[in-house]
Amino acid sequence: MSHSVELHQVGMTFGQTRAVGDVSFTVEGGEFFSILGPSGCGKTTILRMIAGFLTPSEGQIVIGGRDMAGLGPDQRPTAMIFQSLALFPLMTVWENIAFGLEARGVSKAERRKRADELLKLIALEGFGERMPGELSGGQRQRVAIARALAVEPQVLLLDEPLSALDLKLRQHMRAELRALQKRTGVTFIYITHDQSEALAMSDRIAVMSAGVLQQVGAPRELYDNPATSFVASFVGETNALAGKVTSLASGIATVETSLGAMHGKAGPGVAAGQAARLYVRPEALVVSAKGGDNRLDATVERIDFEGAFALAHGRLDDGSELVASISSTKLSDAPSIGARASFAFDRRHAVVLADG
Amino acid sequence: MAELYRRFGGGLATIFLALVLLWIAGMVLAPNVMMIDYALRPNLPPAQIGGPNDVYSLDNVLYLANEAVHRSIFFKTIWASAFVAFATFVVCYPLAYWLAQHATPGQTAVALIALTIPFWVNEVLRTLAWYILLAFRGPLNALLLSIGLIDEPVRWYGNGGVLAGMIYAYILFMLFPIYNAVESLEKAQIEAARDLGASTWRIHWRVVMPHAKAGIATGCVFTFMLAAGSYVAPALLGAPGSRWFTQIIYNWFFEGGDWNRGAAYALVLLVLCLAVVLVTLKLARVNLTDVAK
């Protein structure tokens, strides 16, 4: 079992700027853990603190039960994959992979053997003598992973390593990274601003905003039960209806909006009388539904065909927009553009969260 | 050439070309051809110039080969210049690395201004400043005596003085090429090497220096050539034991009155310097155009 990583009230201040404040979470050994947030939210700062490139202003980082205070990046059981990959362009692929072993004084024959094993692991056998510049983006990506794995880290830290790849390759590498993580059993901490990447790969995700940890949970949990309005709107697409909580009963909150009373699951800390928003996903909205208590009448403005589904944009009577997704197979039943239609949703598929 | 004409049109391009040719012919070819001509002729009284004795020969070069003192000064100049280049590199590399990778923009500006301002002063005056600093009863000896590091004044003039004066004079020629080269190194590569457990020494040897190789070679070549051709520093800061080959050449021209032998000596120095430079660049696998950049 590889090492767990614990953060206890970690904070980081650069000059006057509070980059990260009071972040605590635990990554289990062997877990694929993502830190998700928009750029500038402090996720890279957290990763660099775990790696040992930055010393937290406060708090404690514990890896495998050991406090990491005072240990440099070379003394920690972590290895980092940089956003730019940072392969050494003047060394061959195998020298790149074996660089960590070279630094540890391993003999050349042994290094070469280990590099060949790793090249096999990343399916690049026979590429050892090439230079990194001669490889494709995806191959370089894999070499960077092999180089990090060569030092047998307990924890692999990945700083948006797929961001430079094109979409198709990125999707392919997602699956490959996931498989590699399962095979090696190494704890992965993965930084990304791409929520679909995080949802597809991770065992659990920490969502960050403006240096503050918003929520930690499994992908489904974040998606279905966001704890804050930031998580609700950042993770996946959503529609928000503003209003005021009028009543709260057995986990269901009623929100009085300008379009009438709506019901949804009450999020954490929601109380009657609060200003709140009701969030409902496009796929939870049923267009042209009859009956039901959560119903919104809108004019269909346009329908964007996306392939597997289409997005119907409706204009509500208060002027705000509502987006519903319609499966492509059901598209023939969709209302025509310019027509009035009702968008309905089940109260179990909507979440009510306090504003703020 | 075609590109030049396409961009600037016939008239302007022809003027450019003519200027370049004039420069090459007047500033490069003519002096060197004249020097070669002088070097290969014997030193004759004016009446015999053009006479039967005025024939080309290698006598002047052979004179150097057979003159043990001059020969040893020649080789000493070569290796001492190489040592100056090395010592300047040792001084400049850490500074260049710090400036390029660690210094804040403010620190870089202050450091670069501090390094550049002395170069607004003429080289002779700067060397004179060292002449004063290193004098037997000068400030350096006074300082070292007052803090008790030495018991009696040291005679700095000589090898030590020449080395100090030259390192000081050529620091920018080494610093800027290395600075430029190191600055283009992505910081993540240094971090990656460190993260993989490499020592500081190994990071420099395996990552930073290979990346900065062209800059280092350029700086070394500049410094070597300047040092080998230097006259002021050895003349002012040297001692009889630290004579530089340029001083011998100077003596042939202005004291010995034998321009032909002086030209031959200068030619040998030029050829050997070129050889050293080309071999260095070949070893570092850097070509001359990289250096020119």
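**Chain contact and the fold of chain A**

The contact draws on 16 residues of chain B and 16 residues of chain A, where two residues are in contact if their C-beta atoms, placed from the backbone, lie within 7 Å. On the side of chain B that touches chain A, α8 (187-195) and α9 (200-211) of chain B each supply at least two residues, and α8(B) gives the most, with seven residues. Helices (H or I, at least four residues) and strands (E, at least two) are DSSP runs, numbered from the N terminus. This side of chain B comprises seven nonpolar, four polar and five charged residues; Ala, Val, Leu, Ile, Met, Phe, Trp, Tyr, Cys and Pro count as nonpolar, Asp, Glu, Lys and Arg as charged, and the others, Gly among them, as polar.

This is a predicted model, in which local features need pLDDT of at least 70 and side-chain atom pairs count only at pLDDT 80 or more, while totals for chains, interfaces and linings use all residues. Residues are numbered from 1 along each chain as its sequence is written, with chains lettered from A and ligands numbered from 1 in the order in which they are written.

Turning to chain A, nine helices and 20 strands are found there. Among its contacts between residues at least 6 apart in sequence, 66% join residues at least 24 apart.

One open sheet of chain A has five strands in the order β15-β19-β16-β17-β18, with antiparallel pairing; strands pair if DSSP finds at least two bridges between them. Its edge strands, β15 (286-287) and β18 (321-327) of chain A, each pair on one side only. β15(A) pairs with β19 (340-344) of chain A over two antiparallel bridges, and Val286(A) stands opposite Ala344(A) in β19(A).
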